[in-house]
Amino acid sequence: SHPPHRARAVATPAAKPQQTNNMRFIRACSLLAVIPAATAFVVVEGTASPITSSSSSPASSTSLNIVSDPTNNLIIMEDTHESVTKYYGKELQTSDDLKTNACCTAGAPPKYIRDAIGKIHNEVVSKYYGCGLCLPQYDLEGANMLDLGCGAGRDVYIASQLVGAKGKVVGVDMTDEQLNVARKHQDYHAEKFGFSNVEFKKGYLEKLKDLDLEAESFDVIISNCVINLCTDKEAVLEECLRLLKPGGELYFSDVYANRRVPMHLQKNEVLWGECLSGALYWNDFENMSRKIGFADPRLVEDAPITVQNAEVERCISESGCEKLKFYSATYRLWKLPLEPHCEDYGQAVIYKGTLPRYPSGWLLDKHHFFENGKIHPVCGNTYRMLADTRLKEHFEFIGNWDNHYGIFEGCGSSLPYDTEEASSGKGASTGGCC
């Protein structure tokens, strides 16, 4: 409304597709939900071959194979897990090794976050590859939090300080090298903070059920520029919905595209590892979220990604995708009984100014800033996001559900992100909202 069957992992040289009469098509699933209808993949005795409307493909030294799971009839990116593990565990030693700025687009965090980062071990901070601030800005004292794709643990250790001794933070990652760094410094941070409330688990985000995490046990799930690296994004979101308490939220930053990323770019290991070619088309993401049960995805902030790498830019340009643009965006997805559109019930809220660090006003999302003491008309979904969550005590509520006055004007479905021109003051997003 508002704007595995685990696959075998082998990196193989890019090769020209071979034709054969024994080719069998693979049923499209969540991974290929982002692929245009003109693109499909086939498996020829273990060799992945593209069938596209264009035969052009960018030059690259390695590619990612796609195979089918005959048991579940799913498409699996064969090399993805181990390719990403290798990229983030061995090739990248610090954030300076990244080839693009896709994972480094966040603006300066607020002072209390900077203060928290100042207490974190330097090695943990140096291995941070996030693309935004993925911590909700309200009182988290005593909360149970889950960090998906925690890496070396920077955001886990920030959250640890915010939830305090009575809260808990669990970090999940699939990369041994990253987890080793996170675990190595647990005692350091316990001494620094005065308490120990973190746990790190190794696993795949698509298979969180394997980690014995209790259903409806987390107040907040965060993720920082990682879900785009997953082959089955729908499975990740489904698990998040299962693990969240009613009224809890998935608050995460990630990379999105203004159109569906072609398969020949998805096969590029570097582009995938740099969080670009695994990016969902923004509208596919929002529709996927609604289908799963996150009925009203809310965009909190966004920024255009400028690749700033000549080789990567040339790869994208020579593939005929000059108009393909990427954005870093932070979303919040609530586990609430929300409607698919912004409906008007004549309701309003008043922010009390009682949230720590936000006495003058508080931002729910890109289109809702609540000034202290002011009456703000809101749709039914926004009303629930404030009344049926941890935010309730900080607002006064006006109205009920007795009368319905239709949909809020301006609730559109155009690109919700600011363009590069808009972010520099030359234009504005056309995404509508109530």
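How do the residues of the lining of the largest cavity divide into nonpolar, polar and charged, and what are the counts? The structure under discussion is a predicted model, and in it the lining of the largest cavity comprises 15 nonpolar, 10 polar and six charged residues.

The cavity itself has a volume of about 410 Å³. Its lining is made up of 31 residues. Those that lie nearest the centre of the largest cavity are Gly-149, Cys-150, Gly-151, Asp-173 and Val-226, and a reader may begin by locating these five residues in the model. From there, attention can turn to the helices and strands around the space. Helix α1, which spans 80-91, helix α4, at 154-163, and strand β7, at 168-173, each supply at least two residues of the lining. Of the elements, α1 gives the most, with three residues.

The second largest cavity has a volume of about 70 Å³. Its lining consists of Ile-227, Asn-228, Lys-233, Leu-237, Phe-252, Asp-254, Val-255, Tyr-256, Leu-280 and Phe-285. By class, these residues divide into seven nonpolar, one polar and two charged.

Which elements each supply at least two residues of the lining of the second largest cavity? They are helix α7, covering 233-243, and strand β10, covering 244-257. The largest share of this lining comes from β10, which provides four residues. In the largest cavity, by comparison, it is the helix α1 that gives the most to the lining.

Conventions. Residues numbered from 1 in each chain as written. Predicted model: local features only at pLDDT ≥ 70, side-chain atom pairs only at ≥ 80, totals over all residues. Heavy atoms only, no water. 1 Å grid on protein atoms, 1.4 Å probe; cavity = no way out; pocket = protein on both sides within 12 Å on 5 of 7 lines; lining within 4 Å. Points joined across faces, edges and corners; volume = space filled by probe spheres on them. Nonpolar A, V, L, I, M, F, W, Y, C, P; charged D, E, K, R; others polar.
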